[in-house]
Amino acid sequence: MSNVLGRGEKIFQVIIHIILLLLAVCAIAPIWILVTGSITSEQELILDGYSFFPKSLSLDAYIYLFRKASDILRAYGITLFITIVGTAGSLIITPMLAYPLSRKDFSGKTVIAFLVFFTMLFNGGIVPSYIMWTQIFHLKNTIWSLILPSLLMNGFNVILMKNYFAQNIPVEIIEACKIDGAGEFRIFFKMILPLSLPIMATVGLFVGIAYWNDWTNGLYYVTDTELFSLQNLLNRILQDVQFLSSSSEISAAGGSMEMPSVGIRMAISVVGILPIMVLYPFFQKYFVKGIAIGAVKG
Amino acid sequence: MKKSRVLAALLTASMSVTLLAGCGGNSGESGESSDGVESIVFATPLVKTVDMERIEKALNEILEPKINVHVDIEGISMANYNNQIGLMQSGGEQLDVMGYIGTYSSWLSKNQMLAMNEYLDEYGADAKEVIGEEFLKSTTKDGSVYALPSLNGKAASMTIVIRQDLIDELSLPVDQLKQASSFEEYCENLDLITEMYAQIHEAHPELACIVPYSSNTLMFTDTMPFADRMNDDYGVLMPDDYETVANVYETEEFETLVGYAYDWNQNGYVLEDATTTQETGNTYLMNGRAASFFIKGEEGQEEQIETATGVDVSAIKILDPFITTTDVNSMGFAISATSEHPEAAMKFLNEMYTNPDVVNLLDWGIEGEDYQVMGDGTVDFPEGVDAQTTQYGLNMDYFFGNQFIAYIWGEGRDTTLMQRLEENNKTAQFSPAMGFSYDNSSVSNEIAAVSNVGAEYLPGLRCGTLNPDTEIDKFNEALYSAGLQNIIDEKQSQYDEWRAEQ
């Protein structure tokens, strides 16, 4: 590309950059407030509210969390476990469904593809799901209740992968393998998967983030405090605070309640998003590539 | 290649094993075991995340030998409680006793509770006696008792909480405030408070004279003296006519009260973000932002607030208590409509209202670990434990059954408190509609619409940011076009029916 830009183009570049910068600031500002909020002294938060550059710093919130470390660490462990096991499981079974769907010579394709599509548009709703998982599979208060429901396999990811296979793996390769005497399993594991790293990384990231951020499964299926995941714990703390501060019944009955301070709520959020923020840049290169390739054409 | 295949096989295998194990493990859990001990599930809302397993174990050590009942406690976060109960009931899970806070009328209209009369008479006679006829009316519909209200100080009334150091510094005339027995006396109190705020504002312009205690309302504006809110404020009984359901927002009294709020706001006495804040009055008090706030409180609240905030305050009741149905049935315990063990459930409830060991365990935890009895008969943290490190610390003594037989928390507190609360419950004025609870299922659409209108106008009116001269009319117009009249008519007809039966 030539380095000499026309005058009009230069102005265009400047304007675009300004707009993008503003958008970037809009995205970063809340996170910045979150982080500074967690290290601002409680008194300043109440008296002056949040600010971008707090006057009085305090690590009280983190010290409080450190004292509660056993709860937080356990929750971290649970989240880590379900994220790893869930993502691995998802990455094993999703391509196994997506790959046959991408093959033109697979006869049941339309029916199965329809079923996959169908789940993207409709689902049974929470009560039937709850009955199924608790009454038939008895998952309530087990670690599997955080892994299996809704997250393990997702119609959208299957379609994304199917499209990737259909467009990036030439039929000729599969034919060549067959001529060389490879069976279907061998073709799948030896040829298809190694050729699909970008889409695997993309779907892996999607699923991983979904597991990391999930709190709904924990909300419905877990009442045992030992199985609380990080997001579930955080969500419960925040919701309880909100409920308590709006419940007139309790204050009328003479109950008063020590609530975690604003700073602590912020600090828990920071602790919750930190790992994702650290990991994201490493995945990003695959991420963009995979989604761009997989998304072309339906 | 081998690796992936092995991994896949392992995962599949491990999942199926867990599924099978899950099936096996759960089937033997409920119901009667061989030694005649019946297992019941007790769901309770909790104000914070606490491990209930220790409590459950200690509880069963008391209950199993005494009444042959084994209780599984399901502690559920309060914010999600109602949903979870709905799921458990429609999901066919075992659920026997369920505590509630604020969901009585919605459970009643959805038939989620079992009519417990026969069990109450047979297995809960003692509980019935301590609760008393009058309070039990609040959870009775058409002759059937659906829940047992928690026993605590019900005679809560409008109370102003002011920082003691300000009273001393400015010699505020707080002793002139009196428990009002009429609307006029109530207004005299408010006039006096206005003068005090002027003094505080002049001496300490940096303080918010008044902050909302909770829910974005200054409180004194939404408790109409001696009116029965009839569950939700949309259609109330005003003191001049306890027979007709009226729209409280059209009354002169409402205009007068929000007028105070508006004046205070205009003069800069009210916290700026009163209409949006998520913090409670305690937080503002603790951090030196608030000079005072209103609460609906009972005796003992002063000490509660001082313990929670570390700030020396004076809490002064400015209105006579007036007990309505909603005040009494706002929290309590019901037996699930899906319960297969109602007798055992009632036996357990009976213990919760009569056995101090059970109540203390649920209120304060395990003796020696979570609390210890002090020399003066109160309880407090044992050595080495404080509010931050305690494993329990629910402080829900107002909730679990009978507060009057429990210990009082906090060394040095007045141990006659419970007698006084109990006395107040008996001497307070009761609403003529005591025992009437209305079924809102036929007007649920209107309720939703009207509540939306309320959410738009009420915070502004109650905190004094909206001018009542112009906004009250708009508010009422919006309420009527959202269907308020239907709600009032429905309430009136149910109320007439109820009165005819009395």
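Reader: What pLDDT does chain A average?
Author: Chain A averages 83, and 89% of the residues score at least 70; pLDDT is the predictor's confidence in each residue, from 0 to 100. This is a predicted model, where local features need pLDDT of at least 70, side-chain atom pairs count only at pLDDT 80 or more, and totals for chains, interfaces and linings use all residues. Residues are numbered from 1 along each chain as its sequence is written, with chains lettered from A and ligands numbered from 1 in the order in which they are written.

Reader: Where in chain A is confidence lowest?
Author: In helix 13 (residues 248–252), at a mean of 64, while helix 1 (residues 7–39) is highest at 91. Helices here are DSSP runs (H or I, at least four residues), numbered from the N terminus. Where pLDDT is low, the predicted coordinates should not be read in detail.

Reader: OK, chain B. How do helix 9 and helix 10 pack?
Author: Helix 9 (residues 183–203) and helix 10 (residues 252–266) of chain B pack at about 5°, axes 11 Å apart. Axes are lines fitted to C-alpha atoms over the stretch in contact, and angles run from 0 to 180 degrees between N-to-C directions. So helix 9 of chain B is roughly parallel to helix 10 of chain B (angles under 35 degrees count as that).

Reader: Which residues of helix 9 make the contact?
Author: Phe183(B), Cys187(B), Leu190(B), Thr194(B) and Tyr197(B). From helix 10 of chain B come Glu253(B), Thr256(B), Tyr260(B) and Trp264(B). Contact means C-beta atoms, placed from the backbone, within 7 Å.

Conventions:
Helix = DSSP H or I, 4+ residues; strand = E, 2+ residues; numbered from the N terminus. Parallel < 35°, antiparallel > 145°, perpendicular 65-115°, else oblique. Contact = placed C-beta atoms within 7 Å.
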